[in-house]
Amino acid sequence: MTAYPPPYQGYYPGPPPVLAAPPPIMVAVADQVPQRRATVAFRALLAVPHLFLLYFVSLAASVVAFIGWWAALFTGLLPQFAVTFLSGYLRWTTRVYAYDLLLTDVYPPFTFDDEPTYPVRVAIPEPQRLNRAAVFFRYFLVFPVSLLAGLLAWGAGTLMALVAWLITLVAGQLPPSFHLAYVAVLRFTTRVHGYWWMLTPAYPGGLYGDRPGAVAWADGLPAAPAPGSWPPGPGFGTPGPGFGTPGPGFGTPGPGFGTPGPGYGAAGPGAAGPAYGNSAGGPQGYDATRGYAPTQGYGAAPGSGAPQGYGAPQGYGAPQGYGGPQGYGSPQGYGLQSGYGAPGYGTAAGYGAPAPGYGAPVGYGAPGGYGLRPVFQPVTWLLPLTSAARKLVTTFIVLGALIAVLYVGLYAVIIRSAINSASQFGTANVAISQLNYSYTALSTTLNTLDQANTNCGQSLACVKLVDSKYASAFEAFSGQLAGLSVPSGSAAAEARLSADATTAARDYTRLSQATTAAQYQSIVTSTGIQQTLDSVDSDYTALVTSLQGTAV
């Protein structure tokens with residue numbers, strides 16, 4: 001009873017169950033069995049082909065789900081094409097996730113179809129009417145369970161997955177508690193996806209297993225047919241005329257055959273003479289010939305009496321070919337030959353109850369000999385969890401929450417760093433522009449003052465006037481640097497340049513206050529003003545280089 005028609009139907013349709021609530025999607029996984037360590041070691045690589053294809057299929061599924069959402073919003077039903085496609089995609093992804101979680105060692109098939117022989121089965125209920133309000137607000141309704149599914153994915157698919165992988169690699173088998181816990185996570189995740197895609201109105205639940213006394217709607221479904229099997233047609237399941245119900249002269253003898261007349265069955269009125277019926281001491285004849293019952297011409301042919309030469313023939317006793325005739329009673333190759341039964345009369349071989357080789361042919365009914373697996377039909381679709389498995393599920397959630405917090409924190413740091421980088425990038429570009437403008441203005445002023453100082457010649461008063469203008473120029477430059485916003489990485493270079501400009505302004509101010517040429521020369525020597533001017537140039541170059549490195 002699935003939600004999809006052939007060729008994606010996993011079970012032959014049966015009578016719909018009466019349910020008090022919308023039926024959820026059911027997932028059944030076979031019990032844990034030993035796994036090959038080679039496939040366990042390279043499980044992630046083995047799953048890559050499926051994951052690669054499922055990425056593109058997921059894009060198509062998103063488009064189908066979007067179209068189906070609009071249809072369900074107006075009609076209250078998911079279109080059949082969407083049901084078929086999304087159901088198949090859900091089965092495929094569930095099998096791949098189960099394989100990746102080490103729930104089975106069997107490689108998943110590349111198909112949308114339900115695979116009865118695969119040890120992971122998904123039962124999807126038939127399409128049901130959807131609440132339009134729930135469809136409209138589906139994103140908000142699914143958000144809490146999606147968040148929980150995400151925490152489970154972080155917890156079960158990271159550190160705990162590594163632990164489970166190492167245990168399975170060493171022991172060759174997933175521990176029972178891990179197996180059940182992962183089945184619970186897989187089923188819950190499948191239900192979340194099925195609800196998101198509107199395959200069922202049942203809200204996802206059952207993360208901690210099914211409660212005692214619960215009933216699974218899928219338990220009432222008929223067993224899935226074996227691969228390659230088909231419903232029996234006429235002449236196979238129900239024998240046709242002449243096979244199941246014998247015609248006249250075979251099953252129920254006609255007149256003159258069932259009740260022997262004088263002759264073969266009982267020779268004349270009174271006592272039977274030597275004939276072919278049940279004569280005393282005579283050969284077993286045609287009254288109940290093996291394989292024929294009373295057959296036409298032998299039971300009691302009208303007007304036969306006791307023919308000469310057929311009573312008790314000399315030298316025959318139980319004549320070959322008459323009493324228990326070779327080729328007639330239980331003929332070699334016809335009686336109960338392997339694969340034939342009793343051809344054309346009782347139950348024909350290969351028709352009613354087929355003999356070995358026809359009834360359940362190898363590779364069809366119960367596959368064998370061709371690499372096919374037997375059908376996996378779960379005893380129940382319910383999932384009872386042990387105490388250890390429930391604790392593991394809780395561990396998955398807690399660990400997933402911790403990893404999520406770390407992830408969010410790391411992501412916040414990365415975002416903040418990116419924002420700071422972008423901010424510093426803009427700040428550096430602005431600072432470079434402003435610095436170049438200020439330094440160009442300072443250089444222009446200094447070049448002009450150098451020419452004026454040259455023109456002063458030996459006039460101390462003229463030189464002192466020019467020095468005061470030098471001091472004013474460096475003070476203005478230092479003030480511009482103080483108002484310059486630079487990235488934190490360039491702040492030290494900016495501080496050195498500002499200090500050099502301030503020192504130069506102070507030294508030029510002292511020179512402008514000299515009263516004699518000797519005092520002027522003494523101030524030049526003591527301040528080392530030329531070195532200060534050289535430092536301004538070098539520090540400016542260093543600051544520009546630092547700003548450019550931040551702006552890259």
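Asp507 is buried yet takes part in no salt bridge, and the nearest side chain of opposite charge, Arg506, is 4.3 Å away. Here buried means under 20% relative accessible area, exposed means over 50%, and partly exposed is in between (1.4 Å probe, protein chains only). A salt bridge is a side-chain nitrogen of Lys or Arg within 4 Å of a carboxyl oxygen of Asp or Glu. For charge, Lys and Arg count as positive and Asp and Glu as negative, while His and the chain ends are not counted.

Please keep in mind that this is a predicted model, in which local features need pLDDT of at least 70 and side-chain atom pairs count only at pLDDT 80 or more, while totals for chains, interfaces and linings use all residues. Residues are numbered from 1 along each chain as its sequence is written, and side-chain values use heavy atoms, with hydrogens and water left out.

To find Asp507, look in helix α11, residues 491-512. Helices (H or I, at least four residues) and strands (E, at least two) are DSSP runs, numbered from the N terminus. Leaving aside residues up to four places away in sequence, Asp507 touches Thr527, Ile529 and Thr532; contact means heavy atoms within 4.5 Å.

**Salt bridges**

The count of salt bridges comes to 4.

| Pair | N to O distance | Accessibility of the Arg | Accessibility of the Asp |
|---|---|---|---|
| Arg36 and Asp105 | 2.7 Å | Arg36: 52%, exposed | Asp105: 10%, buried |
| Arg121 and Asp114 | 3.0 Å | Arg121: 0%, buried | Asp114: 9%, buried |
| Arg187 and Asp210 | 2.9 Å | Arg187: 0%, buried | Asp210: 21%, partly exposed |

The side chains of Arg187 and Asp210 meet in a salt bridge. Arg187 lies in helix α8 (residues 176-196) and Asp210 in the loop between α8 and α9 (387-456), so this pair ties together parts that are 23 residues apart in sequence.

Arg36 and Asp105 also form a salt bridge. That pair links distant parts of the chain, 69 residues apart: Arg36 sits in the loop between β1 (26-29) and α1 (37-41), and Asp105 in the loop between α4 and β2. Arg36 and Asp105 are joined with Arg43 in a network of salt bridges.

**The nonpolar patch**

On the surface, a nonpolar patch is formed by Phe42, Leu45, Leu46, Val48, Phe52, Leu53, Tyr55, Phe56, Leu59, Tyr107 and Phe110, with about 1,100 Å² of accessible area together. Patches are made of residues with over 30% relative accessible area and no salt bridge; like charges are joined within 9 Å, and nonpolar side chains (Val, Leu, Ile, Met, Phe, Trp, Tyr) within 5 Å. The areas come from the Shrake-Rupley method with a 1.4 Å probe, and for residues only the protein chains shown count as cover.

Helices α2 (43-46) and α3 (48-75) each supply at least two residues of this patch, and α3 gives the most, with 6 residues. Phe110 is found in the loop between α4 (80-100) and β2 (120-123). At 43% relative accessibility, Phe110 counts as partly exposed.

**The disulfide**

The structure holds 1 disulfide, defined as a pair of cysteine sulfur atoms within 2.5 Å. Cys456 and Cys462 form this link, with their sulfur atoms 1.7 Å apart. The angle about the S-S bond is -55°, making the link left-handed. Cys456 is buried at 9% relative accessibility, whereas Cys462 is partly exposed at 28%.
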